[in-house]
Amino acid sequence: MIDVQGLGVKVGDQWLFDDLDFSVDAGECAVVVGPNGTGKSTLLRCLYGMQEKQRGTVRVAGGVPDERDNAFRRKVSVLLDDSDFFAELTPIQHLELLAGSFGTDLGDVGTLLAEAGLAERARISAGKFSAGQRRRLLLLGATVRPHQVLLLDEPERALDTEGKEWITKVIARSTAAGAAVVVATHHPPLLEAADSVLELW
């Protein structure tokens, strides 16, 4: 589902990383680890077709990643550092918009919100949320929409202990459903549950 061969990305005259090879099959989770500044977020952007590369090939969900392509975006769900939300919408409205955009039934919205710890905030505009609640809403949107590939950049950021337990279970549910998942993380339970670990230094 994901195949990367000889990938290299430069920042100025310096290689952020080079000659990177890895693959992720359907139903597998790969975790990307490394100190800040080693290119974890950049790698995820390459997988989504948002980042220019200097070397190598990247194939995701059967083709070259391109964030501008509607067919690609319908296969690949992503949550990056700069992902945003609609501050004026409630969580229920966010999920309704998501379901309409993808022409799908998300199932029991009340249960989804309860599992994400947002049941009591279901009808409150997201602009009034704390950082952790906003993160939960963004993660919920990224993980419940249909996807063959899931890309998450430090999903544990701003989450409390319950939130981290929730997203760990959600990622496991996604791989069990057959998705290929790549997560940049510092969260030990995600490392322990991963099928493979890619270290950037």
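Let me start with V149. V149 is buried, with a relative accessible area of 0%. Keep in mind that this is a predicted model. V149 sits in strand β6.

What does V149 touch, leaving out residues up to four places away in sequence? The list is M1, I2, V60, A61, K75, V76, S77 and A180. Take I2 from that list. In sequence, V149 and I2 are 147 residues apart. In space, their C-alpha atoms are 8.2 Å apart.

Now A61, another of the residues that V149 touches. A61 is in the loop between β4 (55–60) and α2 (70–75). Is A61 buried or exposed? A61 is buried, because its relative accessible area is 8%, and the cut-off for buried is under 20%. Look at its backbone too. Phi of A61 is positive, near 55 degrees, and A61 is not a glycine.

D19 is another case of this kind. Its phi is positive, about 55 degrees, and D19 is not a glycine either. D19 belongs to strand β2, residues 14–24. With a relative accessible area of 58%, D19 is exposed. So A61 is buried, whereas D19 is exposed.

Helix α1 covers residues 40–47. How many of its eight residues are buried? Six are, so the helix is mostly covered. The buried ones are K40, T42, L43, L44, C46 and L47. After α1 comes G49. The phi of G49 is positive, near 80 degrees.

Next, helix packing. Two packed helices are described by the angle between their axes and the distance between the axes.

Take α3 and α5. Helix α3 is residues 91–102, and helix α5 is residues 131–144. They pack at an angle of about 25 degrees, with axes 11 Å apart. That angle makes α3 roughly parallel to α5, because angles under 35 degrees count as roughly parallel. The crossing of α3 and α5 is right-handed.

Which residues meet there? From α3, they are P91, H94, L95 and L98. From α5, they are L137, L140, G141 and V144. This contact of α3 with α5 has six nonpolar residues, two polar and no charged.

Helix α5 also packs against α6. The axes of α5 and α6 come within 11 Å and cross at roughly 5 degrees. These two helices are therefore roughly parallel to each other. On the α5 side, the contact uses R136, L139, L140 and T143. On the α6 side, it uses E162, G163, W166, I167 and V170. By class, the contact of α5 with α6 has five nonpolar, two polar and two charged residues. Watch L140. L140 meets α3, and L140 is also part of the contact with α6.

Last topic: salt bridges. How many does a search of the whole structure find? Six.

The closest N and O atoms are 3.0 Å apart. R68 counts as exposed, at 69% relative accessibility. D66 counts as partly exposed, at 22%.

Another pairs R157 with D81, at 2.8 Å from N to O. Where do the partners lie? R157 is in the loop between β6 (149–153) and α6 (161–176). D81 is in the loop between β5 (76–79) and α3. So the pair ties together parts that are 76 residues apart in sequence. R157 is partly exposed, with a relative accessible area of 33%. D81 is partly exposed as well, at 43%.

Then there is R173 with E115, at 3.4 Å from N to O. R173 lies in helix α6, and E115 in helix α4, residues 109–115. So this pair ties together parts that are 58 residues apart in sequence. Both partners are partly exposed: R173 has a relative accessible area of 45%, and E115 is at 37%. There is also a network. Salt bridges that share partners join D81, E154 and R157 into one network.

Notes:
Residues numbered from 1 in each chain as written. Predicted model: local features only at pLDDT ≥ 70, side-chain atom pairs only at ≥ 80, totals over all residues. Heavy atoms only, no water. Axes fitted to C-alpha atoms, helices over the stretch in contact; angles between N-to-C directions. Helix = DSSP H or I, 4+ residues; strand = E, 2+ residues; numbered from the N terminus. Parallel < 35°, antiparallel > 145°, perpendicular 65-115°, else oblique. Left-handed = near helix turned anticlockwise from the far one by under 90°. Contact = heavy atoms within 4.5 Å. Nonpolar A, V, L, I, M, F, W, Y, C, P; charged D, E, K, R; others polar. Salt bridge = Lys/Arg side-chain N within 4 Å of Asp/Glu carboxyl O. Buried < 20%, exposed > 50% of the residue type's maximum accessible area, 1.4 Å probe, protein only.
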